[in-house]
Amino acid sequence: MIPRVIKEDIYWVGFIDWDRRLFDSLIPTPHGTTYNSYLVKGSEKTMLIDTVDFGKENYLLNALELAGIKKVDYIVSNHAEQDHSGSLPKILEKFPDAKIVTNAKCKDFLESFLLIPEEKFIVVKDNEEISLGNKTVQFMIAPWVHWPDTMFSYVKEDRILFSCDFLGSHYATSELFVSDEKEVYLSAKRYYAEIMMPFRTMIKKHLERIDNLDIDIIAPSHGPLYNKPSFIIEAYKDWAGDSVKNQVIIPYVSMHGSTKVMVDYLSEKLMAKGVETKLFNLEVADAGELLMSLVDAATIVIGASTMLVGPHPLAYYVTYLVNAVRPKTKFVSVVGSYGWGGNAIEVIKGLITNIKVDLIEPVYIKGYPRESDFKALDTLAEEIFGKHKEIGLLK
Ligand code: FEO
């Protein structure tokens, strides 16, 4: 692809993947993505910061050729995941004298994943710098956004932070910098929900650290760059912060309609009390939309049909997913129906081990809801309302 100038002698040389619709064999990417690779030409040395996904190496090589690059001295690997490192072996073939600059953890991963020999590496520690002549690159070890190997690279003279996956978005665009903040906000939030949300504590630390940096541009590994960094930094502070919204997320599966009647009834009762609800029918729900909704919500109510004697596999799946991404949700409950018996509630409760939540008494009934069951749902709605009120979300 054509190299694009970010600042003098600093270029984007990545790949725009308009067609990508799934990440990690799990997460929909409705707007595609980009793999951002960056070229920094110093007066003495040339550095590439990250590469592109496996199979896209020719686009990167083409961009380097168009930029007139005959020699690469350093290839920084901020993170070993293959969407950024997959083309490293091919780039090394083209530039055999280049050294890979990374931290010890990332080196270990690159050796394992890509079988890159040890002598190719220069291992850097936190705050270490490499001079390219008139440009200085500082490395900041920033684990767990979202792997243990992550680091940032900061070009001091140009005040550009190459933030790796952190602060990125799966958003394919021909624009180098964010122009439509609303659109990118949603993609960045989806991305945060999918891979960053489990690491809120680390995110807060990294945000504090970069608050002390003088930053003109944030250049993440996915999506457009930010030439108004406060937009994404403030968004992350909000998402990773402790405050929750007056929302109840209700992912549900209903085999024969009873659970659906229950979640609809509960939703209406909550709405009547001024509580916002979002229902996700798990037969058709977009996992990214669901995860995005979990970023802020105070409460999750799982709607579970019973299959054989346990929760329907979709209810099991969503509970597992919620537990894995560790939202800041404060309250959880379950509603559902069974035919001849079951322990769906116990199984679901047993899956919620990673998040500290207040479990509100579930409503689990036999067959189609009767009057007493609707009363139990009234009580559940009242309890959720009360909990939201207790933490100041309602007056
Ligand atoms: Fe975009 Fe964690 O790789």
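Visitor: How much of the contacts with a separation of 6 or more comes from residues 24 or more positions apart?

Guide: Such residues account for 72% of those contacts in the protein, a contact being heavy atoms within 4.5 Å. Please note that this is a predicted model, in which local features need pLDDT of at least 70 and side-chain atom pairs count only at pLDDT 80 or more, while totals for chains, interfaces and linings use all residues. Residues are numbered from 1 along each chain as its sequence is written, and side-chain values use heavy atoms, with hydrogens and water left out.

Visitor: And what share of the residues is buried?

Guide: Of the 395 residues, 58% are buried. Buried means under 20% relative accessible area, exposed over 50%, and partly exposed in between, with a 1.4 Å probe and protein chains only.

Visitor: How many helices and strands are there?

Guide: The protein has 12 helices and 23 strands. These are DSSP runs numbered from the N terminus: helices are H or I with at least four residues, strands are E with at least two.

Visitor: Why is helix α9 described as largely enclosed?

Guide: Helix α9 (residues 287-294) is largely enclosed by the rest of the structure because 7 of its 8 residues are buried. Among them are G288, L290 and M292.

Visitor: What covers those buried residues?

Guide: The cover includes β5 (27-28), α5, β17 (245-253), β18 (276-281), β19 (297-307) and α10 (313-325).

Visitor: Where is E183, and is it buried or partly exposed?

Guide: E183 is found in helix α5 (residues 181-196). With a relative accessible area of 32%, E183 is partly exposed.
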